[in-house]
Every structure is written in structure tokens, then in C-alpha cells.
Amino acid sequence: MWQRYLLRLLVALSAVISIGGILWMTFAPPPGMKATREGVPYFTPPVIHPVSGEAIAVETLVRHYKGGK
């Protein structure tokens, strides 16, 4: 009989922890979820090359100026 209450408590506790974790990641995400390793924010629009007019990803520019490929 007491096992039923213990199982219900376990289910309720796991649901509260899961929902709390999802809400925490939604409203207070860690810094690693906001920017790439190079410091470029996610969802940054591409920039236009002044000579050719093509769109270039900001990550490409950061790698170029840092000396990477």
C-alpha cells in the first residue's frame, strides 16, 4: 500500500524537476548557449562582401581574422 504513494511521490518529483529544468534553461540559459566558441552570437545574419556582394557568414570572418581556415 505504501509503495503506491512512494511511486506517486517519485513520479511527481521527477515531473517537477523536469519542468523546472526546462524553465530554467528557457529563462536563464548558460553563457555557452548564447554564443559560439569564437564569441559570435547565434542567429547572427551574414554580412555582405563589399567587392563581390556575396553574403559571408560572420563565423568565416572571425576565423579569417584569427588566422584559421
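Reply: Start with a cut-off. A residue is called exposed when its relative accessible area is over 50%, and buried when that area is under 20%. Keep in mind that this is a predicted model.

Me: Why is Phe43 called exposed?

Reply: Its relative accessible area is 86%. The cut-off for exposed is over 50%. Phe43 is therefore exposed.

Me: Where does Phe43 lie?

Reply: Phe43 sits in the loop between α1 and β1, and β1 covers 47-48.

Me: What makes the phi of Phe43 worth a remark?

Reply: Phi of Phe43 is near 65°. That is a positive value, in a residue other than glycine. Most residues other than glycine have a negative phi.

Me: Which elements does the protein have, and in what pattern?

Reply: There are two helices and two strands. Along the sequence they follow α-β-β-α.

Me: How do you know that the protein is more spread out than a compact globule?

Reply: Its radius of gyration is 23 Å. The globule rule gives 11 Å for 69 residues. The value is well over the rule, so the protein is more spread out than a compact globule. Along the principal axes, the C-alpha atoms fill a box of roughly 75 × 20 × 15 Å.

Me: How much of the protein is buried?

Reply: Buried residues make up 7% of the 69 residues. The protein exposes about 6300 Å², and carbon and sulfur atoms supply 71% of that area.

Me: Why is α1 said to lie largely in the open?

Reply: Count its buried residues. Of the 26 residues of α1, the number under the 20% cut-off is zero, so α1 lies largely in the open.

Me: What span does α1 reach, and what is expected?

Reply: From its first C-alpha to its last, α1 reaches 37 Å. At 1.5 Å a residue, 38 Å is expected, and the value is close to that.

Me: Is Trp2 buried or exposed?

Reply: Trp2 belongs to helix α1, residues 2-27. Its relative accessible area is 60%. Exposed starts over 50%, so Trp2 is exposed.

Me: How confident is the predictor?

Reply: The mean pLDDT is 89, and 97% of the residues reach 70 or more. Among the elements, α1 has the highest mean, 95. Helix α2, residues 58-66, has the lowest, 87.

Terms used:
Residues are numbered from 1 along each chain as its sequence is written. This is a predicted model: local features need pLDDT of at least 70, side-chain atom pairs count only at pLDDT 80 or more; totals for chains, interfaces and linings use all residues. Side-chain values use heavy atoms; hydrogens and water are left out. Helices (H or I, at least four residues) and strands (E, at least two) are DSSP runs, numbered from the N terminus. The radius of gyration is taken over C-alpha atoms; the globule rule is 2.2 Å times the number of residues to the power 0.38. Buried means under 20% relative accessible area, exposed over 50%, partly exposed in between (1.4 Å probe, protein chains only). Accessible areas come from the Shrake-Rupley method with a 1.4 Å probe; for residues, only the protein chains shown count as cover. pLDDT is the predictor's confidence in each residue, from 0 to 100. The expected span of a helix is 1.5 Å times one less than its number of residues.
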